[in-house]
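Please open the structure in your viewer and keep the selection panel at hand. The tour goes from stop to stop, saying each time what to select and what is there.

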Amino acid sequence: MAAPAAAETSCRLEFSVQMTCESCVEAVREALQGLPGVRVLDVRLDSQTVLVEASVAAERVQERLEARGRRAVLRGAGGPPGGGGPVAAAVAALQGPGPVRGLLRFVQVSPQRCLVEGTVDGLQPGPHGLHVHEFGDLSDACDSCGDHFNPDGECHGGPQDEHRHVGDLGNIWADATGRANFRMEDSRLKVWDIIGRSVVVDAGEDDLGRGSHPLSRVTGNSGPRLACGVVARAAGLFENPKRLCTCDGLTLWDERDRERPPGQPAPHL
Ligand code: ZN
């Protein structure tokens with residue numbers, strides 16, 4: 001079963017964007033106006049910030065902001081005003097003993113709606129089970145993450161099922177290059193419940209509890225754990241106090257380049 005589309009779910013994203021004059025502000029507005037699913041809420045030259053409401057992945061907005069060589073950094077994410085909770089956003093960087101790497105972002109857009117988006121690379125093409133696990137313990141690689149997060153004592157299921165583990169996110173699909181890009185909305189997951197726990201991507205397909213294997217109602221029989229990462233609190237909107245200059249003399253923009261994963265081209269300046 002396909003992951004539920006979350007195209008209609010929007011969240012607010014705050015970016016720091018390199019802007020030096022009013023014409024930069026206009027160029028940023030123009031660039032974003034051409035991107036479906038994005039509404040510009042505010043562009044500020046004095047603080048070099050751009051606030052948008054987006055129903056597309058944050059990465060798409062960032063690519064558009066950087067398309068003309070202007071650098072952009074995602075500073076925070078959150079739901080609509082008043083729609084969040086004590087913690088509005090979280091991230092998890094997945095790593096494994098093998099080549100699989102990934103980055104997931106969780107945004108609580110309302111008390112009942114958690115947006116989960118991300119990219120995982122290095123997978124075999126096809127479906128892979130994705131779950132939030134009980135512990136953020138990577139001391140024994142992904143084997144110390146415990147079972148699927150299951151505070152209600154339920155059997156394993158699919159994300160659309162009434163009876164499921166809260167951590168059951170179903171499957172993500174890797175394309176022919178081994179990359180899975182996904183964006184889903186979940187009604188059971190709450191960002192504030194999963195901080196400090198972990199996310200694990202598995203080698204095989206999660207049968208969503210509908211298989212004949214004895215593990216079907218336990219784990220979905222989705223095979224060995226490929227990569228995992230601890231769910232960490234991320235900055236909500238306007239919570240990131242970091243300014244454009246850092247103590248070691250690097251600007252935010254230098255750091256942006258330093259954080260760029262190997263193999264990804266630097267923006268043209
Ligand atoms: Zn489960």
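Which residues are the protein donors of the zinc ion? Keeping in mind that the model you are looking at is predicted, select the zinc ion together with His148, His156, His165 and Asp168, which are its protein donors and lie 2.0 to 2.1 Å from it.

If you then follow the donors along the chain, you will find the spacing H-x7-H-x8-H-x2-D. Two of these residues, histidine 156 and histidine 165, are both buried.

Next, select cysteine 142 and cysteine 228, which are joined by a disulfide with a distance of 2.2 Å from S to S. The structure holds 1 disulfide, and a disulfide is, in general, a covalent bond between the sulfur atoms of two cysteines. Turning the view along the link of cysteine 142 and cysteine 228, you can check that it is left-handed, with -90° about the S-S bond. Cysteine 142 belongs to strand β9 (residues 139–142) and cysteine 228 to strand β13 (residues 225–233), so the link ties together parts that are 86 residues apart in sequence. Cysteine 142 is buried, with a relative accessible area of 4%, and cysteine 228 counts as buried too, at 3% relative accessibility.

Cysteine 145 is buried, with a relative accessible area of 0%.

Move on to cysteine 21, whose closest cysteine sulfur, 3.6 Å away, is in cysteine 24, again too far for a bond. Cysteine 21 counts as partly exposed, because its relative accessibility is 30%.

For the last stops, turn to the backbone. Select alanine 141, which is placed in strand β9 and has a phi near 50°, a positive value in a residue other than glycine. At 36% relative accessibility, alanine 141 counts as partly exposed. Then select asparagine 221, in the loop between β12 (198–202) and β13, where phi is near 50°, again a positive value in a residue other than glycine. Asparagine 221 counts as partly exposed, with 30% relative accessibility.

Notes:
Residues numbered from 1 in each chain as written. Predicted model: local features only at pLDDT ≥ 70, side-chain atom pairs only at ≥ 80, totals over all residues. Heavy atoms only, no water. Donors = N, O, S within 2.8 Å, 3.2 Å for Na, K, Ca; no water. Buried < 20%, exposed > 50% of the residue type's maximum accessible area, 1.4 Å probe, protein only. Disulfide = S-S within 2.5 Å. Helix = DSSP H or I, 4+ residues; strand = E, 2+ residues; numbered from the N terminus.
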